[in-house]
Amino acid sequence: MIEHAVLGRAGGDNALWVRVNTGQQIHRLLFDCGSGCIGPLGSAELQAVDHLFFSHFHMDHVAGFDGFFRINFNRETKPVHVWGPDQTMDLMQHRFRSFWWNLHEQQTGSWVVHEIHEDRVEAARMEVSEAFAVRHPEPPGLMEPLIDGPDYRVTVRLLDHRGPSVAYRVDEGCRLNVNPERLAESGLRPGPWIQSLKNLEVSGSVEIQGQAWELEPLRERLLERAPGASIAYLTDFRLDESWTEKLVPWLAGCDVLICEAQYAQADAALALQNYHSTSTQVAELARRAGVGCLELFHLSRRYPEFIWKEMLREARAIFPRTAFPSVWNL
Ligand SMILES: [Zn+2]
Ligand SMILES: [Zn+2]
């Protein structure tokens with residue numbers, strides 16, 4: 001399952017927190033790092049982040065990064081992966097190097113920075129023990145998919161923000177579910193053995209009600225594959241007819257679309273001029289892509305609360321399953 005939370009306040013900096021929970025393992029993904037966004041997650045969650053994905057490096061998306069870096073700069077458990085568009089390596093390395101490093105040689109901690117271009121993904125590893133001075137090249141990666149693991153995959157599109165802003169889509173792998181009718185027919189009582197049944201890394205047999213059962217035939221009889229959940233994160237981009245057309249096939253069928261709604265439709269000209277979108281443009285994108293639901297965030301603080309509510313009404317008239325993050329209480 002995919003759990004998510006939009007971080008930050010309405011009209012303030014925002015970010016997105018995603019947990020892909022397979023039942024056996026939890027993968028933690030953070031999208032952007034605005035000011036004051038990550039604090040509520042707590043250090044234990046932040047120390048377990050697998051990937052930090054930046055859309056782009058405008059201040060409102062990176063101002064909270066120092067807090068993240070402070071918690072993870074010398075993490076020993078696993079490297080920190082950072083992703084972003086053109087210039088990500090320069091900008092990240094400048095931030096890493098902007099501290100005084102004089103007691104770092106014995107510390108361990110690796111950061112792998114991935115830079116997403118139109119036609120390729122470059123990557124380099126930087127070490128705290130070297131004060132992040134050296135870029136060790138890593139093998140180049142693919143755009144499609146950006147990440148292809150057994151539990152989830154990530155694909156991207158480069159949006160137009162007068163420069164690239166990276167949009168991310170996360171798709172969970174197929175889920176294994178126990179068919180309730182077949183379980184009832186089998187006469188077996190549910191218990192901890194279900195976990196072993198669903199975990200394909202476990203082989204051999206399990207004990208159920210005092211009797212040993214071979215796992216493989218049991219899996220064939222009881223398990224069924226269900227499509228996994230999906231979520232997409234799009235922020236800071238210009239959206240017109242041709243962009244909508246380009247994005248619809250990529251977003252088709254996505255369960256949750258987290259999308260900027262910087263401007264009200266009345267300010268469409270301003271949105272275009274500033275390379276942002278309006279709430280109704282975004283709702284039209286959600287409608288045409290047939291997503292499960294649309295969550296609007298990254299609202300302009302130029303508007304009072306009643307205009308935000310009006311923007312939500314405008315969006316719902318086009319795509320009814322639209323909401324603001326529930327914690328905003330708007
Ligand atoms: Zn921006
Ligand atoms: Zn922004």
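Modeller: Here come a few labels and the reasoning behind them; keep in mind that this is a predicted model.

Colleague: What makes residues 305-318 count as helix α11?

Modeller: A helix here is a DSSP run of at least four residues, and α11 has 14. Its ends, taken from first C-alpha to last, are 21 Å apart, close to the 20 Å expected at 1.5 Å a residue.

Colleague: Which residues of α11 are called buried?

Modeller: Trp308, Met311 and Ala315. The label means that each has 20 or more other C-beta atoms within 10 Å of its own.

Colleague: And why do you say they line one face of the helix?

Modeller: Looking down the axis of α11, the buried residues fall within an arc of 55°, so they sit along one face. They pack against α10 (279-289), β18 (293-297) and β19 (322-323). The face turned away from them carries the exposed residues Phe306, Arg313 and Ala317.

Colleague: Why are β9 and β19 described as standing at the edges?

Modeller: The open sheet has seven strands, in the order β9-β10-β11-β16-β17-β18-β19, with mixed pairing. β9 and β19 each have a single partner strand, so one side of each is left without a neighbour in the sheet.

Colleague: How do you know that β9 pairs with β10?

Modeller: Pairing takes at least two bridges, and two join β9 to β10. So by that definition they pair, and they run antiparallel. Across this pair, aspartate 148 stands opposite arginine 153 in β10.

Note on methods:
Residues numbered from 1 in each chain as written. Chains lettered and ligands numbered in written order. Predicted model: local features only at pLDDT ≥ 70, side-chain atom pairs only at ≥ 80, totals over all residues. Expected span 1.5 Å × (residues − 1). Buried ≥ 20, exposed ≤ 12 C-beta atoms within 10 Å, placed from the backbone. Arc of directions from axis to C-beta. Contact = placed C-beta atoms within 7 Å.
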